[in-house]
Amino acid sequence: MPPSPPYLLSPSILSANFLHLEKEIQAVLQGGADWIHIDVMDGHFVPNLTMGIPIIQCIKQQFSIPLDVHLMISQPQKLLDAFLQAGSDILTFHLEAAQNPLEICQYIHKHHKKVGVALKPQTPLEPLFPLLNSVDMVLIMSVEPGFSGQPFLPHVLDKIQQLRQKWNGNIQVDGGINLQTASLAKKAGANVFVAASYLFSHPSPTEQTRKLKKLLQT
Ligand code: DX5
Ligand code: ZN
């Protein structure tokens, strides 16, 4: 079996102070962030509204770090062009929201960007299997999508483990990640870790990022 991809940390700015977004991003970059995770919510697929295209454009103009955009929106196919043009490097859509997921994957690849497919905690792995040759990353949600600060759902560890046994691509885990849960998810086979409140709801996001990175590297 070929080796798994490298361990990466993708801080989610959902828990950042938006009044100081530039400083908040600099803080996690200083701590060793690999990507920046941007949670896009539409108030329809999930019961919350967050950020969208103008914020991605602003971050893209200022930073060269890869932008990992997590679309929690209905009918993602309608907005792919806008999110690609805004500067998404990895564009992840929810399997539950897509009518033709293979077409979305092919479209994103045609535009030379990476594609991820996300699964809610209760969504089984089986509908994902036919797509595995067409995606760069699978995002396993470890909380119900919609809000930061929720506790990690341990039943998703089995799903991560099952997927790792059959696939060597990027497995991202998102929701309730801290030192303890990251360690569990790492053992199960995840290699890309998203964290919002653990990093930003702390006086030093740099220090928290360093701690989490260190765990991933050991
Ligand atoms: C939730 C988002 C997550 C969220 C994680 O719907 O997809 O990326 O920001 O927040 P924490 O790390 O606080 O659980
Ligand atoms: Zn997310």
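Here, a residue counts as buried under 20% relative accessible area, exposed over 50%, and partly exposed in between. Everything below comes from a predicted model.

**View 1. Y7 and F193 pair up as tilted rings.** Let's start with the aromatics, where the count comes to one pair. That pair is Y7 with F193, sitting 6.5 Å apart centre to centre, with 40 degrees between the ring planes. Y7 lies in the segment before β1 (8-11) and F193 in strand β8 (residues 192-195), so the pair ties together parts that are 186 residues apart in sequence. F193, at 0% relative accessibility, counts as buried.

**View 2. The zinc ion (ligand 2) sits in an octahedral site.** Which residues hold the metal? Zoom in and you'll find H37 (through NE2), D39 (OD), H70 (ND1) and D174 (OD) coordinating the zinc ion at 2.0 to 2.3 Å. There are six donor atoms, and the angles among them run from 70 to 170 degrees. Read along the chain, the donors of this zinc ion follow the spacing H-x1-D-x30-H-x103-D. As for H37 and D39, both are buried.

**View 3. K120 lies over the face of F45.** This one is a lysine on a ring: K120 is 4.9 Å from the ring centre of F45.

**View 4. K166 lies over the face of F129.** Here's another lysine and phenylalanine to look at, with K166 placed 3.9 Å from the centre of the F129 ring.

Methods:
Residues are numbered from 1 along each chain as its sequence is written. Chains are lettered from A and ligands numbered from 1 in the order in which they are written. This is a predicted model: local features need pLDDT of at least 70, side-chain atom pairs count only at pLDDT 80 or more; totals for chains, interfaces and linings use all residues. Side-chain values use heavy atoms; hydrogens and water are left out. Donors are N, O and S atoms within 2.8 Å of the metal (3.2 Å for Na, K and Ca); water is not among the atoms, so sites may look incomplete. Four donors count as tetrahedral if all angles lie between 85 and 135 degrees; four count as square planar and six as octahedral if opposite donors are over 155 degrees apart and all others between 65 and 115; anything else is irregular. Buried means under 20% relative accessible area, exposed over 50%, partly exposed in between (1.4 Å probe, protein chains only). Rings of Phe, Tyr and Trp (its six-membered ring) pair if their centres lie within 6.5 Å; planes under 30 degrees apart count as stacked, over 60 as edge-to-face and the rest as tilted. Helices (H or I, at least four residues) and strands (E, at least two) are DSSP runs, numbered from the N terminus. A charge sits over a ring if NZ of Lys or CZ of Arg is within 6 Å of the ring centre and within 35 degrees of the ring normal.
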